[in-house]
Protein chains: 2
Amino acid sequence: MEKTPLAYSHHNHSHCIKDAMVSARHLCESRGVRLTALREQVLELIWQNHKPLGAYTLMEMLASASTRRVAPPTVYRALDFLLEQGLVHRINGLNAFIGCPSPEKKHQSHFLICRLCDTAVELDNNKLTQDIQSSAKDAGFVVETHSLEVMGVCPACTGKAHKEGRAS
Amino acid sequence: MEKTPLAYSHHNHSHCIKDAMVSARHLCESRGVRLTALREQVLELIWQNHKPLGAYTLMEMLASASTRRVAPPTVYRALDFLLEQGLVHRINGLNAFIGCPSPEKKHQSHFLICRLCDTAVELDNNKLTQDIQSSAKDAGFVVETHSLEVMGVCPACTGKAHKEGRAS
DNA sequence: CAAGGATTGTTATAGAGTAACATACTTGGT
DNA sequence: ACCAAGTATGTTACTCTATAACAATCCTTG
């Protein structure tokens, strides 16, 4: 327990959002792809907090933000774009999506997902990626992508549980 | 590339099935849980090959095997039981289920999933589990379970691709 | 054999994702 | 400025995955 990820502590989350939006705009510009109003809006909604959001939740958020009704393809197409550009990741175990904190560099996603508060933190652990690749290679397998999802309890929730334990 | 998993080579698959069924029966007996006819049938269907099967595919197989119609809850309940007992695993990335080759020992599931032939092989790599746990621990996270799904091309399909490459 | 729990059947519905086609918006060439 | 082609979005309908709720049936075990 050395460098606790930001998501686990109180922090000015508007910075997270702003940073994500700024780098998304830069990234899309430099790649010559269009970060349209809709895509930007979806990305911003996803970044509202550090918890993965389902496509249908996003759909409702979009709908309530704009009076008009929003159908599934609208949000799925935006998500497809954001996934392609590496701006968001999909968490298979939850059928949900979360913003990527480092979209500029291609990487495999490793997540710590808290059972209690739903917060999902992306690990940036290159050694793990290499361990996984070498494990697969030992079996003669050619790796293209991989996904690692770790379920458990985050440090913030562990702390709360301790306090409650003492109080009761 | 040392010990190629069995699933990648030609093998007498009836042995795989029989082994799985025998150990499932032993396991359930020793645990005092009931491996009913339905559950046994679902497990046997799952073991038809080394490819993950979706719940609805299993449903159709059940239906066509028994004239009567089979509804989703029937197969999902059997799958829930088999999952609880560790007799099958769920592959989140595919919404599919596959038999566990070593149900007697509790473990985290690591899969190599071939994009070309769909074969999914379970790795038995304790070191990887420990690496993942220590990575999570560094972030102050208490691990309960994890799932690792590696996508790519299996050695059998890599071989075929090479042959085709030469031929054309 | 009766009572209680576990298992399965049945109907309906929720949740996640996509196909197909219509409409609108950009953009580059003339 | 205008048109054509490509890109993006709207709309409708549908498929696939999974579960809720309740009824009927099947074990046990006293």
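This is a predicted model: local features need pLDDT of at least 70, side-chain atom pairs count only at pLDDT 80 or more; totals for chains, interfaces and linings use all residues.
Q: What makes the relation between chain B and chain A that of a two-fold axis?
A: Chain B can be laid on chain A by a turn of 180° with a shift of 0.0 Å along the axis, leaving an RMSD of 0.1 Å, and that is the relation of a two-fold axis.

Q: How do you know that the copies meet through the same surface?
A: Of the interface residues of chain B, 100% are also interface residues in chain A, and therefore the two copies meet through the same surface.

Q: Why is α2(A) called roughly perpendicular to α4(A)?
A: Helix α2 of chain A, residues 37–46, packs against α4(A) at an angle of about 80°, the axes being 9 Å apart; since angles of 65 to 115 degrees count as roughly perpendicular, α2(A) is placed in that class relative to α4(A). The contact involves A:L38, A:R39, A:V42 and A:L43 of α2(A), together with A:V75, A:A78, A:L79, A:F81 and A:L82 of α4(A), and by class the contact has 8 nonpolar, no polar and 1 charged residues.

Q: Which residues are the closest to DNA strand C, and what classes make up the surface near DNA strand C?
A: DNA strand C is surrounded by 18 residues, of which A:P72, B:T36, B:L38, B:A71 and B:P73 are the closest. Two or more residues each come from α3 (55–66) and α4 (72–84) of chain A and from α2 (37–46) and α4 (72–84) of chain B, and α4(B) gives the most, with 5 residues. By class, this surface has 10 nonpolar, 4 polar and 4 charged residues.

Conventions
Residues are numbered from 1 along each chain as its sequence is written. Chains are lettered from A and ligands numbered from 1 in the order in which they are written. Copies are superposed by least squares on the C-alpha atoms of residues with pLDDT of at least 70 in both. Two residues are in contact if their C-beta atoms, placed from the backbone, lie within 7 Å. A residue is near a molecule or strand if its C-beta atom, placed from the backbone, lies within 6 Å of it. Helices (H or I, at least four residues) and strands (E, at least two) are DSSP runs, numbered from the N terminus. Ala, Val, Leu, Ile, Met, Phe, Trp, Tyr, Cys and Pro count as nonpolar, Asp, Glu, Lys and Arg as charged, and the others, Gly among them, as polar. Axes are lines fitted to C-alpha atoms, for helices over the stretch in contact, and angles run from 0 to 180 degrees between N-to-C directions. Angles under 35 degrees count as roughly parallel, over 145 as roughly antiparallel, 65 to 115 as roughly perpendicular and the rest as oblique.
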